[in-house]
Amino acid sequence: DVKARASRFVSYDRLEADGNVGEMTSMWRNLYATISNANTIIANIQTGRDSGVTESVLDEYEAQAKFMRAFSYFYMVRWWGEVQLITEENALLANETRQSSVADIYAQIIADLQYAETNLSNLGGPDQTGRASKQAAQTILAKVYLTMAGWPLNDASNYALARDKAKQVIDSGIFSLEPDVADLWVQANRLTNSEFIFAFHGNLANNASTQHVSSRPGADGGWSDWSSEERFFNAFPDGYRK
């Protein structure tokens with residue numbers, strides 16, 4: 001069932017989704033929880049330094065935290081536009097912080113990702129795809145630039161930045177397309193798949209995530225709540241991939 005009929009998905013199709021839609025509420029809360037955790041790590045870097053933790057370890061922790069903060073704000077700015085920009089500097093004033101402009105939110109995202117790109121290591125093997133790497137930061141940066149080139153910022157100069165950043169990922173030589181697209185969803189390949197850049201791996205034996213169950217086909221014990229753009233699906237040529 002490529003076109004879910006669950007009421008919550010229909011509400012998205014009709015642009016009627018609001019705070020009563022469970023996925024939207026949980027996404028808002030979870031993204032801000034991630035941002036809060038990242039801010040706590042960043043705010044305590046100096047404490048770690050005072051305790052004798054080596055600079056290389058601290059740089060890694062801060063880069064991982066800033067990657068996740070940027071990753072979270074990138075989702076938030078695309079879903080809700082002007083949201084509260086909470087960092088380690090104003091975390092204690094969250095209730096008094098007004099919404100930031102879309103441009104300011106993207107500026108924070110870019111600054112965090114650039115720090116992550118500089119201080120994270122190259123992907124050290126497929127078994128590390130659940131950790132942020134230099135290439136993961138570059139990949140998200142490319143997508144951020146591409147998004148900024150369109151609405152609402154409409155800054156076409158970002159197209160070249162997106163192209164150049166994506167080429168750095170390609171030229172790293174770490175990734176390649178799987179010969180069979182179906183192999184992307186085979187659990188046994190999750191640690192050896194050459195396409196994965198940044199991923200959290202699910203587990204068929206412990207499907208605690210409702211999103212995991214929701215998106216799986218009914219034949220695999222899921223709910224078949226997979227939603228695609230209907231016109232794109234209907235226009236896609238019949239065949240194995242469809």
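Which residues line the second largest pocket? The lining consists of Thr-139, Ala-142, Lys-143, Leu-146, Ala-162, Ala-166, Val-169, Ile-170 and Phe-175. The structure is a predicted model, in which local features need pLDDT of at least 70 and side-chain atom pairs count only at pLDDT 80 or more, while totals for chains, interfaces and linings use all residues. Residues are numbered from 1 along each chain as its sequence is written, and side-chain values use heavy atoms, with hydrogens and water left out.

A pocket is an open set of points on a 1 Å grid over the protein atoms alone, where a 1.4 Å probe fits, with protein on both sides within 12 Å along at least five of seven lines; lining residues have an atom within 4 Å of a point. The second largest pocket holds about 160 Å³ of space, a volume being the space filled by probe spheres set on the points, which are joined across faces, edges and corners. Helix 6 (134-148) and helix 7 (158-171) each contribute at least two residues to this lining; helices are DSSP runs (H or I, at least four residues) numbered from the N terminus.

Elsewhere, Leu-120 occupies the loop between helix 5 (102-119) and helix 6. Leu-120 counts as buried because its relative accessibility is 4%, buried meaning under 20% relative accessible area, exposed over 50% and partly exposed in between (1.4 Å probe, protein chains only).

Val-53 lies in the loop between helix 3 (45-50) and helix 4 (55-80). With a relative accessible area of 34%, Val-53 is partly exposed.
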